[in-house]
Each structure stands twice: as structure tokens, then as C-alpha cells.
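Student: I would like to go through the labels attached to a model and see what each one rests on. Can we take them in turn?

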Amino acid sequence: MQEAWFFYAASHIQAGQAALLAGKSEEALSSFQESARLDQYNLAAFGGIAESLSRLGRGKESQQTYAHLFYLTGAKAGDLGSLGGQLFSHGWYHVALTLWEEAEKADPMDAIWPANQAAALKMLGRSAQARV
């Protein structure tokens, strides 16, 4: 019975992902928030909240969520970059970009972070920025 909350939290992440794919950011936000309520350490839940808030143009709230996500992830560039890659593969380009920017701050000598950021910027329709 103890594992039921985990699967319930995961089902909210799946619902949030489906809502994001359908362009329903408010609905996605609600699903991710419920998952985070059930599992306060779930990186995908907080990544989904940040992505949803970014798509809704709620910058201040998304920045607070990113700060919490960085706290949960830790300050190691590899951990931040890995999570960014996983979330990028789900189409969560805003949060991936932010994670890779944070990874670059932690490890400015690794050329992978700017390259990854360029990929995210391109997917966000910001090709001019990506070229830079």
C-alpha cells in the first residue's frame, strides 16, 4: 500500500505531459502541482511545474520553481545537465534551457552546455539567439 502514492503521483505527471502536448498548460500545471504535493522530491513534478509556468508567461513563479528544482537537483553540472536532457526529450524546452544555463554556471569550461542551450533555443523558436 505504501507504493500507491508513488504510482498516483506518477499518473499526475503523465496527465501533465499529455496536457502539455495538447497545449493545455493550465491543466498541465494542475496535474504537476498535484504530483508535487504527493511527492515533494519528485524532479519531474517540479520540472513540469516550471515548464507549465514558463509557457503561461508566469515568469516570477517559474523562477521560484526553478530555484526549488536546482535545490533538489544539486549544484553539480552533470546532474543539472542530465535532468535537462531528460526533460528536453519530453519537449520541455524552457526548463531544459534553464537547467543547461545553470549547468554552464557550474562548469563554464564544458562546451556541451552552450550547444545544448542552442538546441533548446531553436526549439523555442529563438533561432537568432541559438546562432549566437
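Tutor: What follows is a set of questions on a predicted model, each answered by setting a value against its cut-off.

Student: Which residues of H4 are buried, and what puts them on the same side?

Tutor: The buried ones are Ser62, Thr65, Tyr66, Leu69, Phe70 and Thr73. They cover an arc of only 145° around the axis, and therefore lie on the same side of H4. In general, an α-helix has 3.6 residues a turn, so residues three or four places apart point the same way. Lys60, Gln64 and Tyr71, on the other side of H4, are exposed.

Student: What covers the buried residues of H4?

Tutor: The cover includes helix H3 (43-55), helix H5 (77-88) and helix H6 (93-106).

Student: What follows H4?

Tutor: Gly74 follows H4, and its phi is positive, near 100°.

Student: Why is Thr65 called buried?

Tutor: Its relative accessible area is 11%. Buried means under 20%, so Thr65 qualifies. This residue sits in helix H4.

Student: What makes the approach of the Thr65 side chain to Glu61 a polar contact?

Tutor: A polar atom of the Thr65 side chain lies 3.0 Å from the backbone oxygen of Glu61. The cut-off for such a pair is 3.5 Å, and 3.0 Å is within it. Leaving out residues up to four places away in sequence, Thr65 also touches Phe46, Ile49, Ala50 and Leu53.

Student: Why is the pair of Phe32 and Trp92 called edge-to-face?

Tutor: The ring centres are 5.2 Å apart and the planes are at 75°.

Student: What makes the pair of Tyr66 and Phe70 stacked?

Tutor: Their planes are 15° apart, and the limit for stacked is under 30 degrees, so the label applies. The centres lie 6.3 Å apart, within the 6.5 Å needed for a pair. Both residues are in helix H4, four residues apart, about one turn of the helix. Tyr66 is buried at 2% relative accessible area. Phe70, at 18%, also counts as buried, because the limit is 20%.

Student: How many aromatic pairs does the structure hold?

Tutor: There are four. Ring pairs also join Phe88, Tyr93 and Trp100 into a cluster.

Student: How many residues does the largest nonpolar core have?

Tutor: It has 30 residues, and those with the most contacts inside it are Phe32, Ile49, Leu69, Leu87, Trp92, Val95 and Leu99. Helices H1 (4-21), H2 (25-38), H3, H4, H5, H6 and H7 (112-123) each supply at least two residues of this core. H6 gives the most, with six. Val95 is in contact with Gly47, Ala50, Glu51, Tyr66, Leu69 and Leu87, leaving aside neighbours within four places in sequence.

Student: How do you know that the buried residues of H2 line one face?

Tutor: Ser25, Ala28, Leu29, Ser31, Phe32, Ser35 and Ala36 are buried in H2. Seen down the axis they fall within an arc of 165°, so they line one face of the helix.

Student: Why does Leu29 count as buried, and what is it in contact with?

Tutor: Its relative accessibility is 3%, and the limit is 20%, so Leu29 counts as buried. Beyond its neighbours within four places in sequence, Leu29 is in contact with Ile49, Ser52, Leu53, Leu56 and Arg58. Leu29 and Ser52 are 23 residues apart in sequence, with their C-alpha atoms 5.4 Å apart in space.

Technical notes. Residues numbered from 1 in each chain as written. Predicted model: local features only at pLDDT ≥ 70, side-chain atom pairs only at ≥ 80, totals over all residues. Heavy atoms only, no water. Buried < 20%, exposed > 50% of the residue type's maximum accessible area, 1.4 Å probe, protein only. Arc of directions from axis to C-beta. Contact = heavy atoms within 4.5 Å. Polar contact = N/O pair within 3.5 Å; in protein donor to acceptor, adjacent residues only side chain to side chain. Core = buried A, V, L, I, M, F, W, Y, C linked by side-chain atoms within 4.5 Å. Phe/Tyr/Trp six-rings, centres within 6.5 Å; stacked < 30°, edge-to-face > 60°.
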